[in-house]
Amino acid sequence: MARRALITGITGQDGSYLAEHLLGLGYEVWGLARGQANPRVSRMRKLLSDVQVVRGDLLDQGSLISAVERVQPDEVYNLGAISFVPMSWEQAELTAEVTGMGVLRMLEAIRVCSGVSRGGSSSGQIRFYQASSSEMFGQVSETPQTERTAFHPRSPYGVAKAYGHFLTQNYRESYGMFAVSGILFNHESPRRGAEFVTRKVSLGAARIKLGLATELRLGNLEARRDWGFAGDYVKAMHLMVQSGRPEDYVIGTGRMKSVRELVEAAFAAAGLDWERYVVTDQALHRPAEVDLLCADPKKARAQLGWEPHVSFDELVAMMVDADLRLLSTGHDPDDGSWS
Ligand code: NAP
Ligand code: GDD
């Protein structure tokens, strides 16, 4: 019988790539989606017609219990979150509820539905993956960051992720649940939300190239990130859940680039000189910045055999090409007021 996976955050970037990967491996895939008329659900269904949808919300404990009872999953991937860091200052409580407490609700749903009690064993249980984040490292105490690097989150989002991370560890230790966290560094794709910097830049360069815009406004160009391709990273999620022992893993490329280098690469891919078009805006700087993030993914390479395949330059070119094609068809994704 096919293994059954339940994915929260199915309408997001990672949900779509993970669903495709699991369907390709022969899984029966279910996505948890919220709202009574969520337009992102119909968009997702067009892309992933084989995914079955179950209603639920990380804010609603009963809905998660019902979803787990209905789907009877072998594996649960908790990707649902408020994931945009600037929003977490403006809606800190909501971020804590969805991104932090949502993890508790999902773990409780699994615990209650599978009848796990204290000191239980992880064999034959629902396996749980938590989408932890390099934002937990925040003001980094060492570079590169490993599974043992201390956390110093710099945003309400990072704090909420740290809660979810420790809680996942705690359910593993308290109840013997097979619960793991992937500490993923930034990963991007043509499906990335338009509010995140890589997509904002690829869309910006493509709009200027096509004469649809004359400038691109950005915040801090000096921040450095370890950027990889989302399609590579969802494979690591699956590998962690298959491993013999539940453990946490850092996932990234081990290479850092600045926002300035990202902009240079994207504008060059569109055949443009970025300095003629990019304007910096103090209003887009964050109250507390994460200056740099860089992964040490040695453990994942050694124990899971995982490594990234798409380079930074290939990723940027892929995103700019995709946005040039998209905008040429007349579609322009809204980047809202959060940009
Ligand atoms: P994303 O595109 O922003 O997707 C977030 C998903 O969460 C959406 O499907 C959204 O659904 C869902 N969601 C929001 N509020 C919800 C609620 N109350 N109940 C249920 N679902 C809710 O994020 P992503 O880039 O795919 O990232 C996936 C996960 O990995 C997130 O937890 C993120 O924090 C984490 N992460 C991402 C990265 C990265 O670089 N991408 C790195 C580290 C960790 P709606 O369509 O209904 O809004
Ligand atoms: N979004 C955005 N918009 N970021 C900008 C801009 C801008 O106009 N200008 C400069 N930046 C800088 C930000 O200050 C930050 O240092 C960097 O670009 C990356 O910003 P985002 O792309 O918004 O991502 P993030 O690093 O804050 O968070 C992402 O990665 C985390 C993992 O480290 C998100 O996907 C999180 O959900 C994820 O956990």
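This is a predicted model: local features need pLDDT of at least 70, side-chain atom pairs count only at pLDDT 80 or more; totals for chains, interfaces and linings use all residues.
Let's start with the ligand. Its shell is made up of 26 residues, and the closest of them are Thr 11, Arg 34, Asp 57, Ser 83 and Tyr 157. Sorted by class, that shell holds 11 polar, nine nonpolar and six charged residues.

Which elements supply at least two residues each to the shell around ligand 1? Among them are the helices α1 (13–24) and α6 (156–175), along with the strand β5 (127–133). The top contributor is β5, which gives three residues to the shell.

Oxygen atoms of ligand 1 also pair up with polar atoms of the protein, both in a side chain and in the backbone. Here are three of those pairs:

| Residue | Protein atom | Distance to an oxygen atom of ligand 1 |
|---|---|---|
| His 187 | polar backbone atom | 2.9 Å |
| Arg 40 | side-chain N or O atom | 3.0 Å |
| Ala 81 | polar backbone atom | 3.1 Å |

How much of ligand 1 does the protein bury? On its own the ligand exposes 900 Å², and the protein buries 92% of that.

Now for the cysteines. Cys 294 has a relative accessibility of 7%, so it counts as buried, since the cut-off for that label is under 20%. Cys 113 comes in at 29%, so it counts as partly exposed; that label covers the range between the buried limit of 20% and the exposed limit of 50%. As for disulfides, the count is zero, going by a cut-off of 2.5 Å between cysteine sulfur atoms.

How values were computed
Residues are numbered from 1 along each chain as its sequence is written. Chains are lettered from A and ligands numbered from 1 in the order in which they are written. Side-chain values use heavy atoms; hydrogens and water are left out. Buried means under 20% relative accessible area, exposed over 50%, partly exposed in between (1.4 Å probe, protein chains only). A residue is near a molecule or strand if one of its heavy atoms lies within 4 Å of it. A polar contact is a pair of N or O atoms within 3.5 Å; within protein, one must be able to donate a hydrogen and the other to accept it, and residues adjacent in sequence count only if both atoms are side-chain atoms. Accessible areas come from the Shrake-Rupley method with a 1.4 Å probe; for residues, only the protein chains shown count as cover. Helices (H or I, at least four residues) and strands (E, at least two) are DSSP runs, numbered from the N terminus. Ala, Val, Leu, Ile, Met, Phe, Trp, Tyr, Cys and Pro count as nonpolar, Asp, Glu, Lys and Arg as charged, and the others, Gly among them, as polar.
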